[in-house]
2 protein chains.
Amino acid sequence: MTPGRIICAGLGPGDPDLISVRADRVIRGATHIAYFRKPGRQGQARQIVTGLLAADVTEYPMEYPVTTELPFDSPDYIRLLAAFYDDWASRLADLARTTEVVVLCEGDPFFYGSFMHLHSRLQGRAQVEVIAGIPGMVGCWGAVDQPITWGDDVLTVLTGTMAEDVLAGHMQAADALVVMKTGRNLPRVRRALARAGRLDDAWLVERGTMPGQRIIRLAEVEGTDCPYFAIVLVHGKGRRPEALE
Amino acid sequence: MTPGRIICAGLGPGDPDLISVRADRVIRGATHIAYFRKPGRQGQARQIVTGLLAADVTEYPMEYPVTTELPFDSPDYIRLLAAFYDDWASRLADLARTTEVVVLCEGDPFFYGSFMHLHSRLQGRAQVEVIAGIPGMVGCWGAVDQPITWGDDVLTVLTGTMAEDVLAGHMQAADALVVMKTGRNLPRVRRALARAGRLDDAWLVERGTMPGQRIIRLAEVEGTDCPYFAIVLVHGKGRRPEALE
């Protein structure tokens, strides 16, 4: 009568000290943990909790399928990825009949997280609890030590994967900006910011709140590339509170 | 040689269990705390930490100036508010010469927080550390138990104080939506959502993650009013991950 369940613990932006009290307790007490990673890597989520885990914890690394033959957005790769999520949803649902399994997710699980692909597949098959986390972008704007939004500022969160004119349109319409999924998209993001007249106010934050954190004005970035999880920020200037100053 | 300082601790969405490990530790160890509140109220920030404080903590409630004579956006009221922030920035800077003062802030201090009005005034006058928190909106979308953004979804955060046509324009352009500062603005927010064709997908979340939490489809809300800190959400449907399913 005390069945197992799945708890997805949001890990926050990277500093283990920014994990929530509840997630910290659940992770320290976990007997079984699962986390996504690329093959051959330890994985960011696993790395964040290194100092917190019990010595005898059972680990389930969920390794994304990779192939050098199929492009990332091809129907065949998409089918491969769907089968991967199907498989892990079934394995976790099986485990959750008798065990409490803690799934580790960077940031907040419901904000651009991979866990949602398991969450949708687990509906009705297992008891699932999701513990909110501080999104990576919040850690990044905190690292810059400036408020991201004041008063009536509009904040828009974009992904660097979008077309340049679509990006530029959103960048013009909003006060504060966050651009996720930069990486190889950085040159396009940069051109879109320049078109929108926002490049001089943009920051690039790499590994926010983590060892090796790097904060630099985007206009001063030399290369054309950055880590996939680097975030570009433009701070709002306050639609009304300016007047309050 | 060990001067005091000001630590602004983000409290997250309301559930004390969602405070970060670092903020929890700082709050439990605090000898001096400060927090904003309306006169005559305990204040949300103070209420969240009720079970965490030392018995002999010294408290500085920072009570917003109120007047029944001046409208909220009049130049006179704005001057009154600026003087209030000036005064508290000076008092906290004085205290921070010898003492560690913990300022409590709901959500994340850099995301639509009142602390930023002190933060800007304290530059160069005191050592200030800001501890990130889970924004209120993250607690609210977690309470609905649905991912807010998938794949390449664009998220836009708006304040209900904006004009109806401006709201509707942003609501049409984005995939996922968060509307803050609803309260008496709710009827206008609702009309804007209807114009943008998004009303049927909108949720109203009151007191997310707190006692008395209420989650309701906005289209089914009877009244024309709601708490000021209630949040309206429209979830993204996934620009690409739909294809991944």
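This is a predicted model: local features need pLDDT of at least 70, side-chain atom pairs count only at pLDDT 80 or more; totals for chains, interfaces and linings use all residues.
Chain B superposes on chain A by a rotation of 180° with 0.0 Å of shift along its axis, at an RMSD of 0.0 Å. The two copies are thus related as by a two-fold rotation axis. There are zero disulfides over all chains.

**How the copies meet**

- Helix α5 is one place to look at both chains together: the buried residues of α5(B) pack against α5 of chain A, among other elements, and α5 of chain B is in turn part of what covers the buried residues of α5(A).

**Nonpolar cores**

- The largest nonpolar core has 126 residues.
- Those with the most contacts inside this core are A:I27, A:L92 and A:L118 from chain A, and B:I27, B:L92 and B:L118 from chain B.
- A second, separate core has 48 residues, including A:A168, A:C226, B:L177 and B:A192.
- Once its neighbours within four places in sequence are left aside, A:L118 is in contact with A:F36, A:M62, A:Y85, A:W88, A:A89 and A:L92.

- Strand β7 of chain B spans residues 176–180, and five of its five residues are buried.
- B:A176, B:V178 and B:M180 point one way from this strand, while B:L177 and B:V179 point the other way.
- One of these residues, B:L177, belongs to the second core.
- Strand β6 of chain B (residues 155–159) pairs with β7(B) in the parallel sense, over five bridges.
- Across that pairing, B:L158 has B:V179 as its bridge partner in β7(B).
- β7(B) also pairs with strand β10 of chain B (residues 231–234), this time in the antiparallel sense and over three bridges.
- B:V179 has a bridge partner here too, namely B:V232 in β10(B).
- Together with helix α6 of chain B (residues 164–173), β6(B) and β7(B) make a right-handed β-α-β unit.

**Helix α5 in both chains**

- In chain B, helix α5 covers residues 136–144, and its buried residues are B:M137, B:V138, B:G139, B:C140, B:W141 and B:V144.
- Within chain B, these residues pack against β6, β7, β8 (202–206), β9 (214–217) and β10.
- In chain A, the buried residues of α5 include A:M137, A:V138, A:G139, A:C140, A:W141 and A:V144.
- Their cover includes β6 (155–159), β7 (176–180), β8 (202–206), β9 (214–217) and β10 (231–234) of chain A.

- A:C8 is in no disulfide, and its nearest cysteine sulfur, that of A:C105, is 3.4 Å away.
- A:C8 counts as buried because its relative accessibility is 0%.
- In chain B, the sulfur of B:C105 is 3.4 Å from the closest cysteine sulfur, in B:C8, which is too far for a bond, since a disulfide needs the sulfur atoms within 2.5 Å.
- B:C105 is buried as well, with a relative accessible area of 6%.

**A buried loop residue in chain B**

- B:V49 lies in the loop between α2 (44–48) and β3 (58–63) of chain B.
- Its relative accessible area is 0%, so B:V49 is buried.
- With neighbours within four places in sequence left aside, B:V49 is in contact with B:L11, B:I27 and B:L104.
- B:I27 is among the residues with the most contacts inside the largest core.
- B:V49 and B:G14 are 35 residues apart along the chain, and 9.2 Å separates their C-alpha atoms.

- Most residues other than glycine have a negative phi.
- A:R207, in the loop between β8 and β9 of chain A, has a positive phi near 50°.
- A:R207 is partly exposed, with a relative accessible area of 37%.
- B:T209, in the loop between β8 and β9 of chain B, is not a glycine either, yet has a positive phi of about 70°.

Terms used
Residues are numbered from 1 along each chain as its sequence is written. Chains are lettered from A and ligands numbered from 1 in the order in which they are written. Side-chain values use heavy atoms; hydrogens and water are left out. Buried means under 20% relative accessible area, exposed over 50%, partly exposed in between (1.4 Å probe, protein chains only). Helices (H or I, at least four residues) and strands (E, at least two) are DSSP runs, numbered from the N terminus. Two strands pair if DSSP finds at least two bridges between them. A crossover is right-handed if, with the strands pointing away from the viewer, the path from the first strand over the helix to the second runs clockwise. Copies are superposed by least squares on the C-alpha atoms of residues with pLDDT of at least 70 in both. A nonpolar core is a set of buried Ala, Val, Leu, Ile, Met, Phe, Trp, Tyr and Cys residues joined through side-chain atoms within 4.5 Å. Contact means heavy atoms within 4.5 Å.
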